[in-house]
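Have a look at it before reading on.

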Amino acid sequence: MIRWLALAIMVTGFATVGVSAQAAEDDPVKVNPGTKTFRDCPLCPEMVVVPAGQFVMGTPGGAEEYDADTGETQTLAVTIAQPFALGRTEVTYKQYAEFIRDADYKPAPGCRIWNDRWVVDEKADWRAPRQPRNPKDDHAAVCISFADAQAYAAWLSTKTGKAYRLPSESEWEYAVRAGTAAPRFFGVNSFEGVSISLACEYANVFDVTGQAAFAFAVPYARCKDNYDDVALVAAFKPNAFGLYDMIGNVWEWVGDCYTGSYWGRPPDGSTWVWQGGCEERGLRGGAWSSRPAAARSAKRSSAPADYRATDVGFRIARDLAPGEVP
């Protein structure tokens, strides 16, 4: 088994842009002072330049909260050789609405919602997802399928002339960890059973607020974040790369075909797909509906490409040309 290593980050050659570190002086997470952000158009997602580096993907067997059923081990040493850009937040309702109008895109109706139980409501969609009840411009867009997210990336690429896409699963985990090896970027003592939890400062998960509104028969975080379902993006504190809501709020699509282990996966961080397509695509990060154990850096899930749910959205990535300074 590959040793469980701390992430080694290599940052070179980028002009710095001041990013406000919203954590207080005694918070465990500090935003890297050299974090660089940019935006390719007024309604394009704000992007964060993620530096090149190395990390260990997955969870060692037997570790706290390890889930043997979703292929978190064997762990895999991954090298991200080139910087890339990742959305500072999940794609918002307003940003997705702009795509719908400009591209004249017509997603299929129907979305999995909570209505005393999880059901597919054929009348629910991204405009009226039920959770949240009244979406605002800065809510994370939900009821988004993998195919919808791919269509958004293609539209944004055409609009800007830049190479937008979904992040690979390796890129996603590298970005959420942001130099950490613990189950969550906001602390080693962040396990589900910890009664005083940092989850409500850094992640929108199933907590005291959600437990009062939804009868989910799962453990909940013993803290209160005042969001019972989908939160406004950037309502919680960021990780060290300046990325918001990487854990919690909504599950996020990644570009990879889903497999039950990391066996055979390329160690260069590239998107893992193959000819003939795949039955399911990867989902990462957990959501507002997730028990704390299901909202952590290495947690994996999956769904068919046409799956839409009120706790599923996405975050966009973009390739950076060699030497590019956006």
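Below are my entries, from the overall build down to the nonpolar cores.

**Overall build.** I reminded myself that this is a predicted model. I counted secondary structure and found five helices and 14 strands in the chain. I then checked the radius of gyration: a compact globule of 326 residues would come near 20 Å, and the chain has 18 Å, so the two agree. Along the principal axes, the C-alpha atoms fill a box of roughly 50 × 45 × 45 Å.

I looked up burial next, and 56% of the 326 residues count as buried. Among contacts with a separation of 6 or more, 72% join residues 24 or more positions apart.

**Surface and charge.** I noted an accessible surface of about 13,700 Å², with carbon and sulfur atoms holding 51% of it. My tally of charged side chains gave 33 positive and 40 negative, and the centres of the two sets lie 2 Å apart.

**Cores.** Which residues touch the most other members of the largest nonpolar core? I found Y96, Y152, W253 and F314, in a core of 48 residues. Helix 2 (146-160) gives two or more residues to this core, as do helix 1 (93-103) and strands 3 (47-50), 7 (111-114) and 10 (251-257). The largest share, seven residues, comes from helix 2.

I followed Y96 further. Beyond its neighbours within four places in sequence, Y96 is in contact with residues including W126, I144, Y152 and F314. I also came across a second, separate core of 33 residues, with V78, A178, F241 and L243 among them.

Technical notes. Residues are numbered from 1 along each chain as its sequence is written. This is a predicted model: local features need pLDDT of at least 70, side-chain atom pairs count only at pLDDT 80 or more; totals for chains, interfaces and linings use all residues. Side-chain values use heavy atoms; hydrogens and water are left out. Helices (H or I, at least four residues) and strands (E, at least two) are DSSP runs, numbered from the N terminus. The radius of gyration is taken over C-alpha atoms; the globule rule is 2.2 Å times the number of residues to the power 0.38. Buried means under 20% relative accessible area, exposed over 50%, partly exposed in between (1.4 Å probe, protein chains only). Contact means heavy atoms within 4.5 Å. Accessible areas come from the Shrake-Rupley method with a 1.4 Å probe; for residues, only the protein chains shown count as cover. Lys and Arg count as positive and Asp and Glu as negative; His and the chain ends are not counted. The place of a charge is taken as NZ of Lys, CZ of Arg, CG of Asp or CD of Glu. A nonpolar core is a set of buried Ala, Val, Leu, Ile, Met, Phe, Trp, Tyr and Cys residues joined through side-chain atoms within 4.5 Å.
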